[in-house]
Amino acid sequence: MVYYANRLLRLTADRERRSEEMIKLAKTLPNRDLEILMSIPGIAEITAVRILAELGDIRRFSNPNKIR
């Protein structure tokens, strides 16, 4: 049981470290995509970063309906 608890703690710390790194990278993007996504109610920093990581450059979609 102790092994699994320690493993969970290590994985949680690793996830937090990676999330912070993603946030730092997203803040260096030349456009304001992170800030724009965060202006949507209910979307905080980590969610906005995850959206950017998943979609990449959101300007490649001609309209919001293309994002599916």
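Contact, as I use the word here, means heavy atoms within 4.5 Å. The model I am reading is a predicted one.

**Entry 1: V49.** I began with one residue and looked up its contacts. Setting aside neighbours within four places in sequence, I found V49 in contact with M22, I23, A26 and L34.

**Entry 2: the core.** Next I wanted to know which residues make up the largest nonpolar core. There are eight of them: I23, A26, L34, L37, I43, A48, V49 and L52. At least two residues of this core come from each of α1 (2-27), α2 (33-38) and α3 (45-55). Helix α3 gives the largest share, with three residues.

**Entry 3: helix α1.** Which residues of α1 are buried? I noted S19, I23 and A26. I then checked what covers the buried residues of α1, and the cover includes α2 and α3.

At 1.5 Å a residue, its 26 residues should span 38 Å, and the end C-alpha atoms are 38 Å apart, so the two values agree.

**Entry 4: E54.** Is E54 buried or exposed? I located E54 in helix α3. Its relative accessibility is 66%, and the cut-off for exposed is over 50%, so E54 counts as exposed. Last, I looked up how E54 lies relative to R32: the two are 22 residues apart in sequence and 17 Å apart in space, C-alpha to C-alpha.

Terms used
Residues are numbered from 1 along each chain as its sequence is written. This is a predicted model: local features need pLDDT of at least 70, side-chain atom pairs count only at pLDDT 80 or more; totals for chains, interfaces and linings use all residues. Side-chain values use heavy atoms; hydrogens and water are left out. A nonpolar core is a set of buried Ala, Val, Leu, Ile, Met, Phe, Trp, Tyr and Cys residues joined through side-chain atoms within 4.5 Å. Buried means under 20% relative accessible area, exposed over 50%, partly exposed in between (1.4 Å probe, protein chains only). Helices (H or I, at least four residues) and strands (E, at least two) are DSSP runs, numbered from the N terminus. The expected span of a helix is 1.5 Å times one less than its number of residues.
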